[in-house]
Amino acid sequence: MESLDIYEVLVKEHERMLQAYVLGIVGDTSMAEDVAQEAFIQAYRKLSTLRNKEAFASWLRSIARNIAFSELKKRGREIPTAPEVINGMEDVFAVLDDDKLGDGWEERAAILEKCFKALPDKLRTVCKLHYFEDQLVKNIASALSISLAAVLKRLERARSSIRDCVEQNLGLEGA
Amino acid sequence: MDAGENKSKRETGREMACEGLVRSQFGRRPSRAGDEALKKLRMSERRSADSGRIWSSTIFKAAAVAAAAVVLVIIIIYASAVPENTSRPAAPEDMAHKPQKRREIRVVEETQEPSVPEEKIPDIARKARPQDTQEKSEEFASVSDFTGKVRVKRGGVEEALREGVLFSIIPGDTVITEEAGQARLDLGSGDTVYLNSNARMSIAGGEEDGILLSVSSGEIYLEKDSEEGSVAVETGFGRVHTHKGRFGLERFDDKCLLSVVSGEVECLGRDENFHGKYDGSTRAWLHRGKGCGEGAKFDPEDMKWMAKMRSRRPHRRPGYGRHDGPPPPGMGPYRRGPRPPGPPDGKPPRRGRRMPDPEMFVEVCRRMVDDFAELDANGDGKLTPDEADGGERFLIFKLIEGFDENGDGGLSLEECKSMLEKMRSFADRYGPSGEERRGPSAPPDEKRDE
């Protein structure tokens, strides 16, 4: 078996995790795809430098993070470089890396889906439109006949509720 | 930073993670990133294997190594031998300005937006502005000493410095020190610049009486002890210049700290109200949009990193150090004077040196055009030195110097074709022995009539 065939197994295993992680940073689907793709390429080329094979997922995330930051910088967007922000993201993904939560990553991530489903209808609708269907906030406001500020507020509340629920479900201690 | 702020940032991070999870529809959103990455990696591996075969083919290797050694000589000879008024494709002579143009472009890329309006800049500083350096082609500085990892970026290509080698610096170069790396630059004027770790400094340009540097991150220290000319440093928040003085600059994201150790140093902000003149043992902040602040006293002994760096003995000996083989590009002997003149117009190469068969160069160029796809190992549409090894690598470096018309640091297929045409016209002119073909180029029948 060639090294790329072996690497393909790793790629398939971590692809969805990496996409979710990068989407959390860049918030844009096509950009996230580009970043994830580049991260897989760079990771393959640097694979020999990885000492702890167990830490592949977090190592891959760190590569993707650096690429994402560099892309954001190129586009003049704000970069969340504070270590505490990065640690906060890592808190969630490190727990999801654990096999105990399920065999595949989707299975582990599905544990959190109930947090999303538990959202009040108003918040869930806005979330679906914005995050699932990539609708612009102003379009959502116009479709739901509410103000732009109201959409933003609902998104903020939804994020906060999901975060609280996720922290509870994953047993994350307060920062 | 207090605990509350940390907590809030951590929560932001967790929220971002949740947002990513929701956006990816908990892992259900289709993604082609992995497949695309694998596809690219497979393609790259295949190309790399193919190009390895081509680069290592005996004929190509022999021709390339020989060509590497003399291609530059050919370009110089061709440039000086072909009369200017003959109709011919652009000769290397015309192209002699190309690298300089490229440098100019790079200067614009590397140099920060001038922080001072044009009319506010005094003559001394203006003389050293990048646009004035187009004709400057001579190396005017060198990295005489360094510790840790230090790189020089030239034409989009980065080269790590090697121990014992004097690295010549030309306008447009950027010197980059990494973590724990430090470097010392000797300027042609006899002055010195020290770079602390994680610094990035561009050599924006230079004239007889002024040099312009540009620091975009990290810390530098300048010793302008000579009476000759002046040195100006663009920081992005103000331009600092001196005729004679020693000062340090520490560049942060939103401000820059100027520490004047001795001499007189002037700082030009965007507005006259924010200009400043400082003398020894004075420290001042340069702020974005505000320019140069008020000076305050400080102890020059605080700049310990620089003292340590200065105490090291630099490599004074010009040359290639202890390394064998051809020098990498830019690593030539430090030269201050003008380049030695080439052979006189129309004269064959100097006696005692047999010129190599120009047909060989045509063959090398033809192979490069024909096998372009295979040679371009990473598939980016241009041949770069990192896609070849050894003598071939040096050949590519040299060919880029002469034939990279768009200055992107590589040779595209179009550039290779243009190079082939030029080499063909050169071979037609000089013939297989390297001797210039004599006589008119009219058809044989006409010659007989005469």
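**Figure 1. Right-handed crossing of α1(A) and α2(A) in the predicted model.** The crossing that α1(A) makes with α2(A) is right-handed. The structure shown in this and the following views is a predicted model. The two axes, those of α1(A) and α2(A), come within 9 Å and cross at roughly 140°. Angles over 145 degrees would count as roughly antiparallel and those of 65 to 115 as roughly perpendicular, so α1(A) is oblique to α2(A). From α1(A), the contact draws on A:Y7, A:V11, A:L18, A:Q19, A:V22, A:L23 and A:V26. From α2(A), the contributors are A:T29, A:M31, A:A32, A:V35, A:A36, A:A39, A:F40 and A:Y44. By class, the contact of α1(A) with α2(A) comprises 13 nonpolar and two polar residues, with no charged residue.

**Figure 2. Packing of α2(A) against α3(A).** The axes of α2(A) and α3(A) lie 9 Å apart, and the helices pack at an angle of about 130°. The pair α2(A) and α3(A) is therefore oblique. The crossing of α2(A) past α3(A) is right-handed. On the α2(A) side, A:M31, A:V35, A:A36, A:E38, A:A39, A:Q42 and A:A43 take part. These residues meet A:L60, A:I63, A:A64, A:I67, A:A68 and A:E71 of α3(A). The contact of α2(A) with α3(A) contains 10 nonpolar residues, one polar residue and two charged residues.

**Figure 3. Helix α3 of chain A and its buried residues.** Helix α3(A) covers residues 56-74. Its 19 residues should span 27 Å at 1.5 Å a residue, and the C-alpha atoms at its ends are 27 Å apart, which agrees. The buried residues of α3(A) are A:L60, A:R61, A:A64, A:R65, A:I67, A:A68, A:E71 and A:L72. An α-helix has 3.6 residues a turn, so residues three or four places apart point the same way. The cover over the buried residues of α3(A) includes α1 (3-26), α2 (29-45) and α4 (83-96) of chain A. After α3(A) comes A:G76, which has a positive phi, near 70°.

**Figure 4. Perpendicular packing of α7(A) and α9(A).** The axes of α7(A) and α9(A) come within 9 Å, with a crossing angle of roughly 100°. This angle falls in the range of 65 to 115 degrees, and α7(A) and α9(A) are therefore roughly perpendicular to each other. In α7(A), the contact is made by A:K122, A:L123, A:V126, A:C127 and A:H130. In α9(A), the partners are A:V151, A:R154, A:L155, A:R157, A:A158 and A:S161. Six nonpolar, two polar and three charged residues make up the contact of α7(A) with α9(A).

**Figure 5. Helix α9 of chain A.** With 23 residues, α9(A) reaches 33 Å from its first C-alpha to its last, close to the 33 Å expected at 1.5 Å a residue. Buried residues in α9(A) are A:V151, A:R154, A:A158, A:R159, A:I162, A:R163, A:V166 and A:E167. Just after α9(A), A:G171 adopts a positive phi of about 65°.

Figure 6. Chain A has nine helices and zero strands, and 35% of its 175 residues count as buried. Among contacts in chain A between residues at least 6 apart in sequence, 63% join residues at least 24 apart. The contact between the chains takes 46 residues from chain A and 34 residues from chain B. On the side of chain A that touches chain B, at least two residues each are supplied by α1, α2, α4, α5 (105-110), α6 (113-117), α7 (121-132) and α9 (148-170). The most is given by α1(A), with 12 residues. The residues on this side of chain A comprise 28 nonpolar, six polar and 12 charged.

Figure 7. B:C416 lies in helix α11 (residues 413-430) of chain B. B:C416 has 22 other C-beta atoms within 10 Å and is therefore buried, the cut-off being 20 or more. Leaving aside residues up to four places away in sequence, B:C416 touches B:C365, B:M368, B:V369, B:F372 and B:L411. B:R366 is 50 residues from B:C416 along the chain, yet their C-alpha atoms are separated by 8.4 Å.

Technical notes: Residues are numbered from 1 along each chain as its sequence is written. Chains are lettered from A and ligands numbered from 1 in the order in which they are written. This is a predicted model: local features need pLDDT of at least 70, side-chain atom pairs count only at pLDDT 80 or more; totals for chains, interfaces and linings use all residues. Helices (H or I, at least four residues) and strands (E, at least two) are DSSP runs, numbered from the N terminus. The expected span of a helix is 1.5 Å times one less than its number of residues. A residue is buried if 20 or more other C-beta atoms lie within 10 Å of its own, exposed if 12 or fewer, and partly exposed in between; C-beta atoms are placed from the backbone. Two residues are in contact if their C-beta atoms, placed from the backbone, lie within 7 Å. Ala, Val, Leu, Ile, Met, Phe, Trp, Tyr, Cys and Pro count as nonpolar, Asp, Glu, Lys and Arg as charged, and the others, Gly among them, as polar. Axes are lines fitted to C-alpha atoms, for helices over the stretch in contact, and angles run from 0 to 180 degrees between N-to-C directions. Angles under 35 degrees count as roughly parallel, over 145 as roughly antiparallel, 65 to 115 as roughly perpendicular and the rest as oblique. A crossing is left-handed if the near helix is turned anticlockwise from the far one by less than a right angle, and right-handed if clockwise.
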